[in-house]
Amino acid sequence: MSETVNKVRLSQWDALLLESLRGLGWTNEELLAITSAGELPVDNSPFEFDYQQLAALAAEKPEEYRQAVTEGYQIKYNTIRGIRSWISVALGIEPQLELEEGKEAVEVSLNADEKKRVEDVLSFGWVISGEAESGVYRIEPVQR
């Protein structure tokens with residue numbers, strides 16, 4: 001837990017923007033140079049990402065942005081749909097949503113590295129349960 005306390009905290013949307021560019025093959029060096037990038041890609045996904053927002057964050061808070069890119073980050077506040085979106089964008093996996101009131105959760109099959117990555121970015125207030133043998137996990141709020 002102390003490891004996540006020192007991590008830079010990004011908004012859920014900024015984390016999605018960052019992971020989307022990584023998914024397009026951007027290296028850490030390219031991500032760090034986003035403010036001087038000539039043209040940013042146009043996103044045609046359902047998210048319609050505007051990467052200018054990420055460039056603005058890099059310009060406003062260069063040290064925090066550098067740390068997020070090179071050392072990792074934690075999301076400030078997750079929503080159930082935001083977790084699903086992050087897993088889809090960052091890991092290329094389509095999780096299932098359980099939206100029944102009182103049982104809200106994200107269900108997803110993850111390997112050990114993917115699970116660790118999700119654990120590292122989740123905001124406080126979420127728990128991952130499941131079994132390593134099956135690789136099927138449930139991400140749900142600690143309190144309902």
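How many positive and negative side chains does the protein chain have, and how far apart do the centres of the two sets lie? Select Lys and Arg as positive and Asp and Glu as negative, leaving out His and the chain ends. You get 14 positive and 26 negative side chains, with the two centres 5 Å apart; each charge is placed at NZ of Lys, CZ of Arg, CG of Asp or CD of Glu.

A quick note before moving on: this is a predicted model, where local features need pLDDT of at least 70 and side-chain atom pairs count only at pLDDT 80 or more, while totals for chains, interfaces and linings use all residues. Residues are numbered from 1 along each chain as its sequence is written, and side-chain values use heavy atoms, without hydrogens and water.

Now switch to cartoon view. You'll find seven helices and six strands (DSSP runs numbered from the N terminus: H or I of at least four residues for helices, E of at least two for strands).

Next, select helix α4, residues 52–60. Leu54, Ala55, Leu57 and Ala58 are buried there (under 20% relative accessible area; exposed is over 50%, with a 1.4 Å probe and protein chains only). These four cover an arc of only 155° around the axis, so they sit on the same side of α4 (the arc uses directions from the helix axis to the C-beta atoms).

Then turn to the face of α4 pointing away from the buried side, where Ala59 and Glu60 are exposed.

Finally, zoom out: buried residues make up 43% of the 144 in the protein chain.
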